[in-house]
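Work through the exercises below with the model open. Try each task before reading its solution.

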Amino acid sequence: MPPPKDVVKIAIQMVGAVPQLIELQQTKPLASVLKDVCDAWSLPNAERYALQYADGRQTYITESNRRDIKNGSILRLTTSPDQEAEQLYIGIQSKNVDVKTDSLKKLASLSHDVTFAQEFISRNGLKQIYSIVEEGNDTGEMLAHTLKAFTELMEHDFVSWENLSTVFIKKIVSYVNMNAVDASIQQLSLSILENMVPTSRLLFEVVKKEVTLDRLLTHLQVTNAQLQLKAMALLIALLLSATDTERQEMMDYLREKNIRQFIHKNIIHSPEPLGDEMAHYLYVLQSVSLNLCEHRMKMSMDPYSQEQRDLLQSLRQAAFELESEAPAGTFSTERRRSLCAKEFRKLGFLNNSNPAEDLRRVPPGLLALDNMVYFSRNTPNAYSRFILENSSREDKHECPFARSSIQLTLILCEILHIGEPCSETAQAFYPMFFGQDHFFEELFCICIQLVNKTWKEMRATQEDFDKVMQVVREQITRTLSLKPTSLELFKTRVNTLNYSEILKLRQTERLHQEETLAVPVLELREKLKPELLELIRQQRLLHLCEGTLFRKISSRRRQDKLWYCRLSPNHKVLHYGDVEEGVQSPPIESLTEKIPVADMKMLLVGKECPHTKEKSSGKQNKDVLELAFSIVHDVEEYCLNFIAPTRYEFCLWTDGLNVLLGKEMTSERTQTDLDVLLSMELKLRLLDLENVSIPDNPPPIPKPPSNLNFCYDFSHAEQ
């Protein structure tokens, strides 16, 4: 008979004593449980003791988290959090350097526990940490432990970052700006400043003033990957917290200082592999930089703006310079207006008498005009060739430059997600972005020439405009998916992917997606499904056995929160636990937490998950919602919450957990995998029937013959 839900069987250890095996009554007050445990070991003053997990993060057991204790958990009897906090509070004030250092080291290791942190902060412990930082001149091990403890204590949000003194902040800043200081101290200092920046406008201004962009660029050039990461994290925090004007100024300065060159050389092409955190920061930097175009993208042309009209006229003058050289008095006003309208029509404007009307469409707004002007000024030969080549074609076959440029700018904005907020989890940056100044404009220059090339290959007319732009979008997206490392490589690959190649790819994909619809083939397909679904189930469980590294995403920062989860080889238990950065596949024995599969009740996804409901008061992030899932176990109050690193991992884990729960696999990946496997299996089975038409109905069975004399009689032995 299974034990009651309010009773868990656990072991309790103590140094120098025989462990106790007890049945913990969850309804019994924790103070009474502690008294019973202390009495068994003849220990007086039970109120001075507490229980904590023996493995993992060694969290203290309290009335609020005791329900998380599972059957088979190993706890340890130790000094209570208030006693420990009192001892360390005294220890960090000791005049003895060794005692003070040891106390700070232990404080740094215990501060992650919320119960201990509350006790230590209630004794005004943070004030002592402020004093050590503000008054001390030490930059060694003692300071590193102090900063680590401060970071962990502030993580619990008991104290506002705005309470920090100016002296303390400047001291932290000085560690970032020093040259002769330990790298670990600089990393912790950068991390503290990064957490400080988003909390208030005042702190943002202080950090922005004290830590110069030049100093952050210096840190980005070092070989220490962790120092690079923390410097990049602070830079991103400053950019995200800045106003639009400040962000523009900061990005302009960084462009002057060739930040892309630093990143391209020291980070992207570093011997060290690029971690998930750095990939995310590079994505955010790319997104912030591209979003500077949003203002122009959302601004329609003002026909009364002289500056904008001059830009528009410069396009006409650059294309028809020779024709515009005639003296002003040669033509009447009416003739000049007629000539301008004709030239704007040759440029591909729909409204040639008033081309500004074409640019009133938002998006892409004035961004399209900026791109056209950049193309005409920076690649004048290509611009003239485009215009003159199309001017000599028949009217219906000419590729309209202006109309194509406006639509292409819109396509690029959509592909590059310009104007969209940064994702909290995305890592999809383009390496070539960091190898080129004026990336968006240069990309446009390549792609507008691609439009003309594809137009000719398709022998398009004006009626085919949308079809041509659809092909161009496909050419660009397919090439970008290959992650070319430079614009030159992008140009080579996108021009290789001509219209005939696109047609071949579409045909191949169509053949993969569309199976023969003959009734016998459909019947065979249905017959194969159960076998292939079982194969997918086994693959999902195998993936769960290999395990996955997950991140804990807090409201303020993403880093330093890693945990690993994997299924036991016998598919009976889920093992999980916290791991350090850089650990790829920890052994199952090192994962101290576990959930028996038999105790799993249901799987929640998306908005149903408790960890997404907790954040509902703030701005919901669509990416996080799409990657969130939770396992409900024991009773509904207990959940193990996940944020999958990718959509692929989300699909595999939710499928695998549904298999363990005896339910159907529901992810889109299941259908994709099933389609691929069915396609392969059907092709193999129908290989001998190639070029043979399969009828919808089986042929009729012929009547039996009138006699069977033609059959060989095996009963007669050969003579």
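**Exercise 1. The sheet**

In what order do the four strands of the open sheet lie, and what is the pairing?

Solution. Keep in mind that this is a predicted model.

Step 1: read the order. The open sheet runs E2-E1-E4-E3. Its pairing is mixed.

Step 2: find the edges. Strand E2 (20–25) and strand E3 (49–53) each pair on one side only, as edge strands.

Step 3: take the twist. From one strand to the next it averages 40°.

Step 4: look at one pair. E3 and strand E4 (residues 74–79) are antiparallel, with five bridges. Within this pair, Ala-50 sits opposite Thr-78 in E4.

**Exercise 2. The domains**

Solution. 

Step 1: count the contact. Domain 1 contributes five residues and domain 4 contributes six residues.

**Exercise 3. The largest cavity**

How many cavities of 30 Å³ or more does the whole structure hold? Which residues line the largest cavity?

Solution. 

Step 1: count. The search finds two cavities at that cut-off.

Step 2: get the volume. The largest cavity holds about 80 Å³ of space.

Step 3: list the lining. Met-251, Leu-254, Arg-255, Ile-259, Arg-260, Leu-285, Ser-289, Phe-433 and Phe-434 line the largest cavity.

Step 4: assign elements. Helix H12 (244–256), helix H13 (259–268) and helix H14 (276–290) each give at least two residues. H12 has the largest share, three residues.

Step 5: sort by class. This lining has six nonpolar, one polar and two charged residues.

**Exercise 4. The second largest cavity**

What is the volume of the second largest cavity, and which helix gives the most to its lining?

Solution. 

Step 1: the volume is about 50 Å³.

Step 2: list the lining. Arg-345, Lys-346, Gly-348, Phe-386, Ile-387, Asn-390, Glu-398, Cys-399, Pro-400 and Phe-401 surround this cavity.

Step 3: assign elements. Helix H17 (333–346) and helix H19 (380–391) each supply at least two residues. H19 gives the most, with three residues.

Step 4: sort by class. The lining splits into five nonpolar, two polar and three charged residues.

**Exercise 5. The second largest pocket**

Which residues lie closest to the centre of the second largest pocket, and which domains each give at least three residues to its lining?

Solution. 

Step 1: the second largest pocket has about 550 Å³ of space.

Step 2: find the centre. Of 22 lining residues, Arg-255, Cys-293, Leu-367, His-438 and Glu-441 are the closest to it. Arg-255 also lines the largest cavity.

Step 3: assign elements. Two or more residues come from each of H12, H14, helix H15 (294–297), helix H18 (366–378) and helix H21 (439–458). H18 gives the most, seven residues.

Step 4: sort by class. The lining has nine nonpolar, six polar and seven charged residues.

Step 5: Domain 2 (83–270) and domain 3 (298–321 + 334–509) each give at least three residues.

How values were computed
Residues are numbered from 1 along each chain as its sequence is written. This is a predicted model: local features need pLDDT of at least 70, side-chain atom pairs count only at pLDDT 80 or more; totals for chains, interfaces and linings use all residues. Side-chain values use heavy atoms; hydrogens and water are left out. On a 1 Å grid over the protein atoms alone, a cavity is a set of points where a 1.4 Å probe fits but cannot get out, and a pocket is an open set with protein on both sides within 12 Å along at least five of seven lines; lining residues have an atom within 4 Å of a point. Grid points are joined across faces, edges and corners, and a volume is the space filled by probe spheres set on the points. Ala, Val, Leu, Ile, Met, Phe, Trp, Tyr, Cys and Pro count as nonpolar, Asp, Glu, Lys and Arg as charged, and the others, Gly among them, as polar. Domain bounds come from an automatic or database domain assignment. Two strands pair if DSSP finds at least two bridges between them. Axes are lines fitted to C-alpha atoms, for helices over the stretch in contact, and angles run from 0 to 180 degrees between N-to-C directions. Contact means heavy atoms within 4.5 Å.
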